[in-house]
Amino acid sequence: MSRVSRKEDQFYDKFKEMIAAVNAGAQAYASASRNYPEKPFRIGQVKEYEVHCDTIAREAYHLLETSFITPFDREDIASIIHNLDEIADGMEAVSARFELYDIDATRPEAIELAEMTAKACKELMV
């Protein structure tokens, strides 16, 4: 028998869902960096994943507010939710600036940084 109740599982499910969205957004962000301006639609995909992360974060915060017992400290849960959302927000902010500042080529350093971000986000999936 599991020591974690179904109510507590909901937090872990939200974490997994949010990590999956952050990872997918990171892969789109890296692709956007590598292929900009040839494939500008990737920027829209990064935004979609960021919006999806915001939705999951709102659901997780609501779950946190309505739960009497949590699997671990409330502040820690809120911090995890916040930090995952910040990752998505940061990637979206950078990719939005490609079009905002009319970038016509991506510097190799920016591509490398985006790929490192994608690799780090992939590690969250483990």
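**Salt bridges, a cavity and two further residues**

Visitor: How many salt bridges does a search of the whole structure find?
Guide: Searching the whole structure for salt bridges (a side-chain nitrogen of Lys or Arg within 4 Å of a carboxyl oxygen of Asp or Glu) gives a count of five. The model is predicted, and local features need pLDDT of at least 70, side-chain atom pairs count only at pLDDT 80 or more, and totals for chains, interfaces and linings use all residues.

Visitor: How far apart are the closest N and O atoms in the salt bridge of Lys14 with Glu17?
Guide: Both residues belong to helix α1, residues 6–35, where a helix is a DSSP run of H or I with at least four residues, numbered from the N terminus. Lys14 and Glu17 are three residues apart there, which separates them by about one helical turn. Lys14 is buried at 18% relative accessibility, whereas Glu17 is partly exposed at 33%, given that buried means under 20% relative accessible area, exposed over 50% and partly exposed in between, with a 1.4 Å probe and protein chains only. In the salt bridge between Lys14 and Glu17, the closest N and O atoms are separated by 3.7 Å.

Visitor: Which residue forms a salt bridge with Glu115?
Guide: The closest N and O atoms of the pair that Glu115 forms with Arg34 are 3.3 Å apart. Glu115 lies in helix α4 (residues 108–124) and Arg34 in helix α1, so this pair ties together parts that are 81 residues apart in sequence. Glu115 is partly exposed at 35% relative accessibility, and at 41% so is its partner, which is Arg34.

Visitor: How much space lies in the largest cavity?
Guide: A cavity is a set of points on a 1 Å grid over the protein atoms alone where a 1.4 Å probe fits but cannot get out, and its lining residues have an atom within 4 Å of a point. The count comes to one cavity of 30 Å³ or more. Gly25, Val46, Tyr49, Glu50, Ala88, Met91 and Glu92 line the largest cavity, and α2 (41–66) and α3 (74–100) each supply at least two residues of that lining. With volume taken as the space filled by probe spheres set on points joined across faces, edges and corners, the space in the largest cavity is about 30 Å³.

Visitor: What distance separates the backbone oxygen of Phe72 from a polar atom of the side chain of Thr70?
Guide: Thr70 lies in the loop between α2 and α3. Thr70 is buried, its relative accessible area being 16%. From a polar atom of its side chain to the backbone oxygen of Phe72, the distance is 2.6 Å.

Visitor: What distance separates the C-alpha atoms of Pro108 and Arg34?
Guide: Pro108 is a residue of helix α4, and its relative accessible area of 60% makes it exposed. Pro108 and Arg34 are 74 residues apart along the chain, and the distance between their C-alpha atoms is 8.6 Å.

Technical notes. Residues numbered from 1 in each chain as written. Heavy atoms only, no water. 1 Å grid on protein atoms, 1.4 Å probe; cavity = no way out; pocket = protein on both sides within 12 Å on 5 of 7 lines; lining within 4 Å. Polar contact = N/O pair within 3.5 Å; in protein donor to acceptor, adjacent residues only side chain to side chain.
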